[in-house]
Amino acid sequence: QTFWAVVPAAGVGKRMNANRPKQYLELGGQTVLEQTLARLLQAEVFRGIAVAVSEEDGYWPDLPIARHPQIIRAPGGKERADSVLSALHALAGQAATDDWVLVHDAARPCLTITDIHHLIATLRDDPIGGILAVASHDTLKNVQGESIIGTLDRSYIWRALTPQMFRYGLLKSALQTQQGNPAITDEASALELQGWQPKIVAGRPDNIKITRPEDLALAEFYRAQQTL
Ligand code: CTP
Ligand code: MG
């Protein structure tokens with residue numbers, strides 16, 4: 001079987017409120033994006049890694065990893081899903097319909113090699129694919145205005161992480177069909193709307209997405225704890 005990685009890295013990092021997109025902030029002596037790509041490369045399973053980078057991005061060309069033979073640059077899109085679709089198009093000449101694609105956020109530099117291998121080992125014989133996720137520990141409330149109108153049954157609630165692993169052809173057609181639909185906040189949701197039921201694979205809770213300023217220090221802390 002052949003495995004590809006897709007890394008959406010074309011966001012502006014609005015909630016991070018920094019002087020540059022968060023994927024270019026410093027983490028452990030390199031940029032967040034370099035640390036994320038290094039983890040994917042260390043897994044030694046991908047034939048290629050397509051990275052969606054904004055066309056106005058002046059930081060990417062300065063990264064040595066931009067010239068790595070396994071890295072393929074694709075233009076970023078308006079929304080995350082558009083960036084992912086653009087990266088899938090960049091693989092069109094090389095990837096076969098049944099090949100696996102693992103989509104992983106540039107902003108998740110704490111992904112472990114063990115979780116990559118665990119996801120692949122669990123799903124490699126699945127017809128569709130699935131995602132890393134963690135069970136929700138907080139009690140979740142259904143709210144209308146300022147009032148609680150119910151409590152969700154937590155045993156049914158998981159938080160979606162990345163990588164999200166799907167067959168190339170299926171993922172591309174689902175994202176194409178759902179293009180412009182604001183309900184598509186991850187790859188799995190696009191497949192769900194096409195009637196598929198992606199699998200859930202328990203991942204590590206330290207695989208956080210750097211979203212707000214305090215997350216950078218948290219990522220540094222988690223990475224220092226990890227043995228990979
Ligand atoms: N992303 C992308 N293209 C976009 C928007 C987001 O490739 N048009 C990427 C981001 O670079 C990030 C991942 O998708 O690696 C997850 O998105 P998010 O955490 O929302 O990042 P940003 O959109 O950059 O942040 P914000 O929403 O706070 O602006
Ligand atoms: Mg965003």
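Predicted model: local features only at pLDDT ≥ 70, side-chain atom pairs only at ≥ 80, totals over all residues.
How many residues of the shell around ligand 1 are nonpolar, polar and charged?

View 1. The shell divides into 8 nonpolar, 7 polar and 7 charged residues; Ala, Val, Leu, Ile, Met, Phe, Trp, Tyr, Cys and Pro count as nonpolar, Asp, Glu, Lys and Arg as charged, and the others, Gly among them, as polar. Of the 22 residues around ligand 1, the nearest are Pro8, Gly11, Lys14, Arg15 and Ser83 (a residue is near a molecule if its C-beta atom, placed from the backbone, lies within 6 Å of it). Residues are numbered from 1 along each chain as its sequence is written, and chains are lettered from A and ligands numbered from 1 in the order in which they are written. Local features need pLDDT of at least 70 and side-chain atom pairs pLDDT 80 or more, whereas totals for chains, interfaces and linings use all residues.

**View 2. Helix α1, residues 32-42.** Helices are DSSP runs of H or I with at least four residues, and strands are runs of E with at least two, numbered from the N terminus. Because 8 of its 11 residues are buried, α1 is largely enclosed by the rest of the structure (buried: 20 or more other C-beta atoms within 10 Å of the residue's own, with C-beta atoms placed from the backbone). The buried residues are Val32, Leu33, Glu34, Gln35, Thr36, Leu37, Arg39 and Leu40.

View 3. After α1 comes Glu44, with a positive phi near 55°.

Definitions and conventions:
Buried ≥ 20, exposed ≤ 12 C-beta atoms within 10 Å, placed from the backbone.
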